[in-house]
Amino acid sequence: MNLKEVDAFAWSSLVAATTDSQSGFRFINLCSVDAAGRPQARMVVLRRADTAARLLEIHTDTRSPKWLELSRNPFVTVLGFCASSRIQLRLVGAARLHAPGSDLAEKAWSELSVWTRNTYAGGPPGEEPDNNEPVPVTGEAGGKAYFGVVSFRADALDWFELRRASNRRAVFEYSDLGALMAARWINP
Ligand SMILES: Cc1cc2nc3c(=O)[nH]c(=O)nc-3n(C[C@H](O)[C@H](O)[C@H](O)COP(=O)(O)O)c2cc1C
């Protein structure tokens, strides 16, 4: 594979992961920086990938610490590893938040299963459960007010292939519009 093919394969793997629950990139690590300047990482489901725009989309609860962190500091690293292809993708870029009521959040919510909608209907993430509280309203009404979409735009990709004899590594840079601007092999 040449560098262009490596980049294309990396992004087609991300696109495939959005509909393939067995893909190694189905769950990715979303890393942000908290108010104290410390790195924070958590697994999230990759919901959508757009190769042309170099965008990844994830869903989250807007009451969660990550939402607050990203609203204060949009710089993000996304890290993924696929055990079958033995490829690590490290993408750096910035997050844009689509709050409840925004077009993107409305559209994404409308496509969610009732089961997934219910995951947003509980108490605020990270807080102690209040066992005296009545069971929250579920479904349509319950979690929609807390449902947000994070769209991440990649500026660069660090691609690493783990191989028994000789690991390979390459870096790619993208323009604001998502065009591939630079690509080169580097030492692993
Ligand atoms: C496999 C897996 C997938 C997850 N997917 C999501 C997700 O898509 N969105 C989300 O907000 N949290 C998801 N979580 C939970 C997060 O990892 C995290 O624990 C939670 O969102 C709180 O993160 P925060 O305190 O940094 O905001 C997932 C956890 C696991 C283990």
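1. A residue counts as buried when its relative accessible area is under 20%, as exposed when that area is over 50%, and as partly exposed in between. In this predicted model, D158 has a relative accessibility of 9% and therefore counts as buried.

2. D158 takes part in a salt bridge with R90, the side chains meeting at 2.9 Å, N to O. R90 belongs to strand β6 (residues 87-98) and D158 to strand β7 (residues 147-161), so this pair ties together parts that are 68 residues apart in sequence. R90, at 37% relative accessibility, counts as partly exposed.

3. The side chain of D158 also meets that of R169 in a salt bridge, at 2.6 Å, N to O. Because D158 lies in strand β7 and R169 in strand β8 (residues 168-174), the pair ties together parts that are 11 residues apart in sequence. Both residues of this pair, D158 and R169, are buried.

4. Which residues are linked with D158 in a network of salt bridges? The network comprises R90, D158 and R169.

5. A further salt bridge joins the side chains of D155 and R153, with an N to O distance of 3.3 Å. D155 counts as partly exposed, its relative accessibility being 33%. R153 is likewise partly exposed, with a relative accessible area of 23%.

6. As to the overall count, a search of the whole structure finds 12 salt bridges. Among them are the pairs R90 and D158, D158 and R169, and D155 and R153.

Definitions and conventions. Residues are numbered from 1 along each chain as its sequence is written. This is a predicted model: local features need pLDDT of at least 70, side-chain atom pairs count only at pLDDT 80 or more; totals for chains, interfaces and linings use all residues. Side-chain values use heavy atoms; hydrogens and water are left out. A salt bridge is a side-chain nitrogen of Lys or Arg within 4 Å of a carboxyl oxygen of Asp or Glu. Helices (H or I, at least four residues) and strands (E, at least two) are DSSP runs, numbered from the N terminus. Buried means under 20% relative accessible area, exposed over 50%, partly exposed in between (1.4 Å probe, protein chains only).
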